[in-house]
Amino acid sequence: MASTLPIPAINVIQPSFIERDSQSSNPDKPPPRDFNHPYTPYPIQTTFMQTLYSVLDRTVEEPPTRTTTTNTTTNNNTTTTAPSTTFSSSAATLVPSNPSKSPSPPPKHLLNPTGTTAPTRHVPSPGPSPSPGPSTEAGPSTAQPPTTTTTTSVPRPKPKKHHAQIALFESPTGTGKSLSLICATLTWLRNHKRSQFESEIDKIKQQMEESGEPEWMVESALRRKREELAARYEEMERMVERIRERERELEKEGEEGGSRKRRRVDRREDRKSKGKRVSGGRGLTAMEEDKEFLMDDWDDEGGAGLDENDPMGQLSKETRELLEKVGMGTAAGGKKGGDEEMVVEEGIKIFYTSRTHSQLTQFIQELRRPQFPASVPPRDDQDERPTKEIVKEIPLSSRQKLCINPSVRRLGTLAAINERCQTLQQPKTPKEKRCPYVPNASNLKATHQFRDTALATLPDIEDLYQIGKEQHICPYYASRSAIPGAEVITLPYPLLLQKSAREALGIKLEGNIVIIDEAHNIMDAVSNVHAAEIKYTDLKRAKLSLHTYIQRFQLKLKAENLVMIAQLQRIVEALGIFLKSRLDQAAMGLGLPRDNEGIVEDTKVLLKTGGADQINLYKLIRYVQESKLAFKIEAYMSYCDDESRDTDDEEAEKEIKKREGRPPVLHTLCSFLLALTNLSSEGRIFFEKIPPPKGENQDMKLSYMLLSPTHAFSSIAESARAVILAGGTMSPFEDYKAHLFPDVPAEKITTLSCGHVIPKENLVVWTLGSISPNPRINTGIGDDCFDFTFAKRSNTSLINRLGLVFLNMVSAVPDGIVAFFPSYNYLEEVIRVWKQHHQAMGPRTVWERLEEKKAIFMDSNKPNESTDQTLQKYSEVIHADPRPLSPSGTTRVRGAMLLSVIGGKMSEGINFSDRLGRCVIVVGLPYPNAHSPEWQARKQYIESNFTARYTAAHPSGPPIIPPPSNARVPRATSSGAIIRNMDLVNPPPIEKLATRASNVFYENATMRAVNQSIGRAIRHRNDYAAIVLVDCRYEREHVRAKLPGWIREGWEVTQRMTKEVDGWKHQGDAKGLSALVGRCNRFFRGKKREEEARGRGRGG
């Protein structure tokens, strides 16, 4: 188990809540105290930055070597070898020096029912044992002569996997998390670069002293070496200038060639205008149709003349060559243009990713605040070079955000924009019809100006888009030229989490730092990125498209193309028959849930029709990708629609425009087929009846869900130097360790949970389990207990008692209240009951009485209702002066109340600071449906995975079992022994432990959603609010233990204040509605007096 660092004294909050579980920092190299923070940091922020700095420092604690150093450890009779790393002193680049691995055998038990050979997976597998003898691995070339090493003929142990340093940080919103991340990582990066120069000098000094050289000679040599190292930076600048000069020459050539090209295009247009037309519309000749839509020859060995590993293979040859020339070329091992001497060595990079575009923009705004020292130390005291160096940053994003071509951007959807962009860049697309903004010889100057401007200005996505428009160059492609020179690269989740997306953008994580912000939903994000689905209506459209294309080009397609398209038709037919049989079964059934949704237990039944189960899916997928079949067919179908469209038919026009926004159906099919080739243990396939689109009678979909993010995330965890997961509400931490980093050693994982920067007097936290302090808790209807479980939450008496709570809170809380409910359906049910007359609630309804106190707004899951408009109206009412009238017109409201849903549009990324969120009320616990097919499959996977890992780790029998997660965490005694409960004395069977593991994951997923909703309030140091959790389950200790640390501390402080200040005399916890209202009244009255006192002070 990881040791615990000593916790420094914190003076902002007493008591401050900081929990840390990490390895002790190197006492000989403590973290700095100055992190170039633009403001005076709070002690909590300093602790955050020091911990992160120590994590990054541990990535270089092992001495760099140029030969393979074997460190052998034995664990369970298994010998492993730790791979060595080589550091480039000139650019501080981590270069792995592991011997290359041979491809592993194909994985077994695939979802692919054919049993065909699978390609090598992205999950690294150890290769065959190396032959005995010395390592033949070659490190970087050096000036030293080779040495001869004699070894015995002993087989080398199997290499140990590389694992990044992992850090999990929880820092509430308002505590300066973004600035802490920026200052710690960039201070470490600049210090690390400077230390590389100093290490070179120390190495020279040590060698000369050991050789017995005179002191004056040592000093002279060190001075020359220091000047040489300092001049290296200037030499790099001169190299960059030579590259710029060469680029200017290419620009001149491109401008001259562009004018000649335009003249040729004009002449070619004259000749084309004389050709024979076959129809109206676009009016292509038969030959032009063949040229534009007919597929190239394809063979299994060489594909369609394109490299399958080239992510830019859809571009024309000229475009690919130019992108390579300006540093935007193939990321998967393609050759790059330019002389070797002209390539600038890249340094360590920081890849920062977050969930939304707005969060990335906020990060870049924070990045502009601090200033950092130069990467190169000065030669001497008289060195006049700047001591500060601008941070070089480049944002990456999708075509949807960066496309500046109006005809493509207007398509709206990401899939449609991607398809049209790639279609315009196909090699056989006529040059005059290609996108004019993609880098080419005639706009090379604009590409270079784009790169230089971007690296000098710390742009966000909007800035990058504007730079592209000003330079008339595509920001999506041109931004890649800035990657080699950037220190910080920002990008959204999908571009980082998908290996194929990283390769397409030229992103290499090896030796670099990865920061994942808002990481509370990272596991869901990984699953969503790798999800796939196909609808019955999609299959019908695919069948029609393939049939139409074959009818037109059958006589001109080569045999291999005809064979592969026929196989694709068989796949489409088989999947369609499966879904049609399910639809028929649901129509004839009794409407049972199992008829409308379920798990496809035996995936072989999907492709059993027409011999489709004998088709090699890997070869078929590769064919669709390499041959660009999806582009060809979709383009031809669009062309046919254009030729036959009736411009007077408005309905037909709407349907065609709607179809233009859809992704190519074969892309959707190919993504689903790719999911079929995954390991059966990693995911499941589900069927579900869905509402049919217009013009269809019924529809059903097949969907693939990734059950485990472990393997999908391993390409990041096993490549990067360090992986930092940060968020405001990361609790509980267990799931990240168990499902993202199960194989990472404990000594490489650091966790830190920070307290809030607000004073303890600024927060009230209350768990409300009943109206009265001591209710009768049983199963009878009408008992005074807030039990919002699915079976009981629809009880009218319960909903009316909830209304009584809200009526008291709208009277006690000024300004804004934000309430979160378990689901949209339940919110509608509650509002329906509150609008009804009930004798027990008086002559007026609950809803009418609430509207007298506050204006009420509701979140909605309907796509046509704008969240921004709702928030704008909510804010206007709260800040209105004078206050608006209530609906009855007799009183004026005291603020507003917003009713939303946990996990809904208002529960994440919305800032309810100050008057907008004086109180957050969370109703119930939003447990997902445990009986749904998805959760049944997920829990089954967790239990089987737990059993397999447990059995493998303890083959000799059960060891002492750790306590369950829902038990109080035991404290360590002074001797270090752990006080154990009965589970440790009598270990339960493994089946019970596995069930417990799945239940813990189920509960943690629920609590992460609750914690995220709670975090909408308290957004800065001077903010204050009350947080009320309404459900008897929140009063259970094991549930409260999963709340963020600062919330748990706030609950304890509120309990103490209620007993000491409010005169609560009960021996147990302060409970009940009356105690809550009394505490809130005193809390908000006190805050009002403080604000009035501050106002008088400013006025005086």
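Mentor: A disulfide is a pair of cysteine sulfur atoms within 2.5 Å. By this rule, the count here is zero disulfides. This is a predicted model, where local features need pLDDT of at least 70, side-chain atom pairs count only at pLDDT 80 or more, and totals for chains, interfaces and linings use all residues. Residues are numbered from 1 along each chain as its sequence is written, and side-chain values use heavy atoms, with hydrogens and water left out.

Trainee: Is Cys-474 buried or exposed?

Mentor: Buried means under 20% relative accessible area, exposed over 50%, and partly exposed in between (1.4 Å probe, protein chains only). Cys-474 has 9%, so it is buried. Cys-1032, with 15%, is buried.

Trainee: How do strands form a sheet?

Mentor: Strands of a sheet pair through backbone hydrogen bonds, either parallel or antiparallel. Two strands pair if DSSP finds at least two bridges between them. Helices (H or I, at least four residues) and strands (E, at least two) are DSSP runs, numbered from the N terminus. Here, four strands make an open sheet with antiparallel pairing, in the order 14-17-16-15. Strand 14 (532-535) and strand 15 (597-599) each have a single partner strand, so one side of each lacks a neighbour in the sheet.

Trainee: How many bridges join strand 16 and strand 17?

Mentor: Eight bridges pair strand 16 (residues 683-690) with strand 17 (residues 699-706) in the antiparallel sense. Phe-687 has Leu-702 in strand 17 as its bridge partner.
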